[in-house]
Amino acid sequence: MSAAESIRSRLPSLYRPEPGESGIVSDMLAAVGDRIDTLHQLSAFVLQQHWFHFADKRTFSPTANLMRERAQRPVLLQGDLMVVADAMQLLTPLKSAARPIDVFVVDALRPATADLLDAWDGAVPPPVGVQRALIDDLHRIARSDLYDADRFAGIALDPDLVAEVVSGIGGSELTRRNRDLLLAAYPDGLAAADHDWPTIRDLARIGSLASVPPRTAPPVLRDTVESYRTRIARIVALYRNGLGTLGALRSMTEAQLPPLPADASEGPDRPFSVEEWAPITTATYAPHPPGPPEGAVGPLMSWNLSNSALTPSPPTLLITGAAPGKCVQPANRPMIELYRVGAAPVRIAIGYDDTVAPGDTLRLRPAAHRFVIAGGELLGAASLPSEETPADPTVTDGAATAVAGGPGGCTAMAHGPDGMLWVGTETGAIHRWDGATWTERGTVGGVVHQLVVYDFTLLIAAADGLHRIEITTPDPPVPVAGLPAGSVNRLWRAPDGAWWYATDNGIQQSAAIGDAATDIRTDGRYLWVGADDAGALLLGGDDGLLHYDAGNDVAHRYWGIEFSETEPDWDSADGPAVDSGLPAVICARRDRTGTLWIGTEEGLAAYVAEPVRPAVYHTRLRAWPDLVDGQVFAIEPDQRGHMWFATNRGLFRFDGRDMHHQEGGVWVSYRRWDQRADGSPRGAWRYHRAAALWQYYDEVQREWRDNDLAVRTAAEDPATAVIWCDGVSGDIGALSGDGFVPSSAVADGALFMRYKSDEETIHDGGIPFIPRVPPGASTWRYLRREESPLDPPANRPWWSCEGRRFPPPLTEPTPPPGRFGKADAPPPANAYDDALFAYDAEAEVSMAWNPSSALTVLVRLVHRAGEAGIDPAVLDVVWNGLQKVRPAGVRVSLAVGETIVRK
């Protein structure tokens, strides 16, 4: 209701004018009401400036803009250094162009501005558009070489100002001094822009409460009003939600990083990730067996390691050829073998098919490979270390290319502990790749859904059932008995050793491969079986997603139909899933934060806990039909906890905050996972099975609405699988006081893998890699590759230089080793008579690795495309901010790309 109507309604009926009536009372009411309405509007604007969310909106302030509009002056913009004080006093001299400075300014105007000046008749104040165009051109002139003594003849200038201008200053300082020259030339027409505003001071007061002063230097960190407002809002939210958490570390990093340019494809915030269990320390070990030559090892010599890491750590190996001397042999075809993990034999080794000359050092460093099946083709990418940075284990930026000679129609793959890459196809063919050569190992009936390598056996889940290949033999695949006839879509080995199968007939379980399987569920087709890190068994299929409690034989299906905290999200799985809130589920994974990612026949979803207020969360289902509009075939976490999605539109990646899509081999950011493209919250979603579409919940109208988001991502070849495996980078050089100095790279094919299925049988391995240092205790050996053919002696037992045992007759016991460490107890008398001695020494060996540790967090900033580096001042403010919010006792490090820059 207008103020005039409000006043009219309060008048006695005898004096109250009728609506639409004209007269002195009606006119007075209209005039007074209009004034009151204007005052209400202005007061609302002024009050709004004191609210937190509007406190710094100087440029967009309705009050400021309205005042300037009424004064016939252009709106003040953020970057303005000068404004029109009196339009007539500014444009009249330019119109007449009587002074040299006037002529210069008019000649420097853009043609459109010059036309506006010519069209102005000089009799009335110029329109706002003319003033704005002129101010924009004056700012452009201020950024040029403005000062000339003749040009400013007759204009009173401050000598200090002139001296500063001619001293050779540049950049923003020169622009400001040129602004002062123009103010002196047009003292009545121009004025310095005043960006000060009471509400700006209010913003600073808010900032002082949170100890967030505005940044004025260096230039890379200098705050604009908008960036300062954003930073304060993030700091306030950080303190509201609590310190000492991963979320606090993420929020502080966002708050301290300066905003990106407005046209940045990544959005306003620089991409980064927060990683737990960070490998930020370095462990080293060099075996020193007793006896001469000091520090040198030979074949069969072993050493024990103890690794405090939470996960296996890829090491760097240095093998230096020993100096010639007594009991020293050349380091010919040296090998380093991971022999045992605890008491369990492993017997996997990497070797160099050449000789390390005395004094030379062979350096082997971890590399990484990423393989993707896209469009039925196997693609590979690699990340290699440089002298400055290690390899990226996620191979995020590696350009994927087709693996030469690979089969077509690929559908599944697996990487074995021996380095072999196995690939299955839509026709049922099974292929093996050793990094150089492809070998076909047979065919099963129909499309291959999954490959699993376990205990020297390749398990094949296919359309015609389950098959196996013994990888240590050349034999073709054979069917596995014990399962019902039909397609096996997924298999999974539980921690207790039992095997679970998702089939077209339901869910089955067996104690071991080949044992008769027991029916667990027989209610339709299942495509997924697996457990998350919390131990929950997840089943996915035509009926959606189920949580199965094996101990109590109880299953609950995700329901998620109602937007309510009183209705359960999970309901009994008895009966058909008429409306489960999800389409058919293909795969499911839980990430390190507890988010449950769900790949379906109709797109990607995630079951998340959204914060409502401090310490209060609501569970919601999010969906991304604007990114993925079809099948999600696989969800895989990389080593750093980022989630990768193989979908009908290619490969996606989630870094903990932003969603990325690989388009044309380049990662394109689709920004925050919890927001839509317009920045609004993504909200709650469900899948309506009857309507066959996604719906989102409108919290304003309090109702479910059909998805109205168009697909934003580019169409790419469907990706059906993604895996990572270790690699190796080798070079020859020398050790000096400054470390390793490389001289040449190891030739292609010079590195090889070998493994033993038992103590007496050696096999060739696949893609070369350095065995990882496992957590806890492990035993390593130095070996030398056997010559071929090998002629073992008749006196046995005997061990080859590669550690192969040639056994004695069954009636004779195996002798003990004859070389003892300094801490070992001496053997009994005469025990050396039948003891086994190592070969002569050949090399000095050292190992170094970065153990992943508990109570460590790494914040990793990402380089933008074409960016040489990040300003150290930015790194400093981020680092100082992290120290304020890190949990007590937790070590935090800051990295840029693969390089740790603060720790």
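R365 is buried in this predicted model, with a relative accessible area of 11%, where buried denotes under 20% relative accessible area, exposed over 50%, and partly exposed the range in between (1.4 Å probe, protein chains only). Its salt-bridge partner is E387, the closest N and O atoms of the two residues being 3.7 Å apart; a salt bridge is taken here as a side-chain nitrogen of Lys or Arg within 4 Å of a carboxyl oxygen of Asp or Glu. E387 is partly exposed, at a relative accessible area of 44%. The pair joins distant parts of the chain, since R365 belongs to strand 11 (residues 361-374) and E387 to the loop between strand 12 (377-383) and strand 13 (401-402), 22 residues apart. Strands (E, at least two residues) and helices (H or I, at least four) are DSSP runs, numbered from the N terminus.

The residues are numbered from 1 along each chain as its sequence is written. Because the model is predicted, local features need pLDDT of at least 70 and side-chain atom pairs count only at pLDDT 80 or more, whereas totals for chains, interfaces and linings use all residues, and side-chain values use heavy atoms, with hydrogens and water left out.

By the salt-bridge rule the count comes to 51. In another of these pairs, the side chains of E898 and R860 have their closest N and O atoms 3.8 Å apart. E898 lies in the loop between strand 52 (891-896) and strand 53 (899-902), and R860 in strand 51 (residues 856-861), so that distant parts of the chain, 38 residues apart, are linked. Both residues are buried, E898 at 18% relative accessibility and R860 at 8%.

R804 and E786 likewise meet in a salt bridge, at 2.6 Å from N to O. R804 is placed in the loop between strand 48 (798-799) and strand 49 (805-806), and E786 in the loop between strand 47 (776-784) and strand 48, so the pair ties together parts that are 18 residues apart in sequence. E786 is buried, with 7% relative accessibility. A network of salt bridges links R234, E254, D269, R657, D658 and R672.

Elsewhere, three strands form an open antiparallel sheet in the order 40-41-42, two strands being paired if DSSP finds at least two bridges between them. Strand 40 (685-688) and strand 42 (703-706) are the edge strands, each pairing on one side only. Strand 41 (residues 693-698) is joined to strand 42 by four bridges, the two running antiparallel, and Y697 stands opposite W704 in strand 42.
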